[in-house]
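Student: I am new to this structure and would like to go through it slowly, one question at a time. Could you show it to me before we begin?

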Amino acid sequence: MTDLDAVLGDAGPTGLKERIAAELAAVRERSLAYTDADDDMLVRQHSPLMSPLVWDLAHVGNYEELWVLREVGGIEPLRPEIDHLYDAFKYPRKDRPSLPLLGPAEARKYISGVRGRVLDVLDQVDLTAPDPLRSGGYVFGLVLQHEHQHDETMLATLQLSRRPGLVRDGELPPGRPAAEPEVYIPAGVFTMGTDAVAWAYDNERPAHRIYLPGYWIDRRPVTNGAYMEFVADGGYRDPRWWLPQGWEWAERNGVEAPLYWTRDGDTWWRVRFGREEPVPPDEPVQHVSWYEADAYARWAGKRLPTEAEWEKACGSRTYPWGEADPGHLGRWANLGHRAARPAPAGAFPDGASPYGVEQLIGDVWEWTDSWFQPYPGYRCFPYEEYSKVFFGETYRVLRGGSWATHPSAVRTTFRNWDYPIRRQIFAGFRCARSEE
Ligand code: AVJ
Ligand code: FE
């Protein structure tokens, strides 16, 4: 059971409330920054894969109203007539532009109204109450991480829009060559998942013991330069490397390189938030689907790691580097839209795990060879539509967060998932191989 005292920390409930209020302000500032554009940009459909940005903006407020105001605060619905519009299971993303959605100004007004009342609930709520939604401020962690996840989704939509000037970039540390490209993880049992991380989702629980035979794993994510060798070697034209459904997907969609890449002579270019630039060889490859990652791994005589292998390589700590909060010290990982790209391979030696595996957290979400399934002893909380309805053999698991992921919405045990054909997300991978 999560240790409440550890959650409350030395500053106790008051301190935790201050932290929650600060994080709520920070995430809202982020959401408003990503939607600080003309109305047409916010209401139009940039891709059938994505909602209009104004949908995400109001949806995060509606979600916050559902869980904090109604579920915990017992407050009557503010605008019950709009609930169905922002229920992610009612209307698929491609149909949302045609819905009578709140316009940008109305959406901002609505979510600001919700937030004002949420801060009142935060003031009154007892964070030491036994109720699992109140205890340790779980419900606030739920809405915080939810809004940050939609902010990352909005960045993927902004990238798809190819509109320049809307997404700021930033400085990143330089990369450095790797001593050894692979790390050996010896056979043995480790603890997967968590019972201790206060705001961990139900799919990260419970902590359970797993035995893994010895295996090798790449020290860093696969870089653009390495991926270019696969492309140059005809990787996209050789069905040997592809699962049949992956080969069929690539053929049907004319996939010949990672999304946003174009070739000009011998040079690969990419469009990044509306800017054309040469693809930097030393950055982790991004915007590849699970099928492309799997094909590359096979071409390299390797495979994708399972999520258990990925998590073990982190060393069974909240973060590979320990407990230190990634938000404060940028020396551990490239997170929270510090820059609008992955950092060069080798840029975060201090973020390495006890095994010496690097850049596990941040930069690019990493595809694993695992389907999104419940852990033994999984208990659904607080609702089925976050994890449970996605379990099965439809979605592949991604780990580690990307450059666009906020530090509060990622950790060693955090599990993301998506269709294997998706590549508009900030996803890359690293390879593994079994002991002979
Ligand atoms: C965990 C990123 C797959 O975006 O569908 C947002 C997160 N869940 N609103 C998603 C989520 C509900 C979810 N992923
Ligand atoms: Fe959502």
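Student: Which residue stands opposite Y215 in β12?

Tutor: Before answering, note that this is a predicted model, in which local features need pLDDT of at least 70, side-chain atom pairs count only at pLDDT 80 or more, and totals for chains, interfaces and linings use all residues. Residues are numbered from 1 along each chain as its sequence is written, chains are lettered from A and ligands numbered from 1 in the order in which they are written, and side-chain values use heavy atoms, with hydrogens and water left out. Strand β4 (residues 215–218) and β12 pair in the antiparallel sense over three bridges, where strands are DSSP runs of E with at least two residues, helices are runs of H or I with at least four, both numbered from the N terminus, and two strands pair if DSSP finds at least two bridges between them. In β12, the residue opposite Y215 is S434.

Student: In what order do the strands of the open sheet with β4 come?

Tutor: This open sheet has three strands, and their pairing is antiparallel. Its edge strands, each pairing on one side only, are β1 (182–185) and β12 (432–434). Neighbouring strands are turned by 20° against each other on average, direction ignored, with axes taken as lines fitted to C-alpha atoms (for helices over the stretch in contact) and angles running from 0 to 180 degrees between N-to-C directions. The order is β1-β4-β12.

Student: What is the average twist from one strand to the next in the sheet β5-β6-β7?

Tutor: These three strands form an open sheet with antiparallel pairing, and its edge strands are β5 (261–264) and β7. Four bridges join β5 to β6, and one bridge partner of D264 in β6 is T267. From one strand to the next, the twist averages 35°.

Student: Which residue in the hairpin of β6 and β7 takes a positive phi?

Tutor: Strand β6 (residues 267–272) and strand β7 (residues 275–278) pair in the antiparallel sense over four bridges, and the bridge partner of W269 in β7 is P278. The hairpin has two residues between the strands, and the residue with a positive phi, near 50°, is F273.

Student: Which residue caps the N-terminal end of α9?

Tutor: The cap involves a side-chain oxygen that lies 3.3 Å from the backbone nitrogen of Y291. Just after α9, G301 takes a positive phi of about 75°. The residue that caps the N-terminal end is S289.

Student: How do α7 and α9 lie relative to each other, roughly parallel or roughly perpendicular?

Tutor: The two helices pack at an angle of about 80°, with their axes 11 Å apart. Angles under 35 degrees count as roughly parallel, over 145 as roughly antiparallel, 65 to 115 as roughly perpendicular and the rest as oblique, so α7 and α9 are roughly perpendicular.

Student: At what angle do the axes of α2 and α5 cross?

Tutor: Helix α2 (residues 12–34) and helix α5 (residues 104–124) have axes that come within 11 Å, and their crossing makes α2 roughly antiparallel to α5. The axes cross at roughly 170°.

Student: Is S353 buried or exposed?

Tutor: S353 lies in the loop between α10 (307–312) and β8. Leaving aside neighbours within four places in sequence, S353 is in contact with A313, C314, P320 and L360. At 5% relative accessibility, S353 counts as buried.

Student: What is the relative accessible area of N416?

Tutor: N416 is found in strand β10 (residues 415–418). Leaving aside neighbours within four places in sequence, N416 is in contact with W365, R396, V397 and L398. N416 is buried, and its relative accessible area is 19%.

Key. Polar contact = N/O pair within 3.5 Å; in protein donor to acceptor, adjacent residues only side chain to side chain. Buried < 20%, exposed > 50% of the residue type's maximum accessible area, 1.4 Å probe, protein only. Contact = heavy atoms within 4.5 Å.
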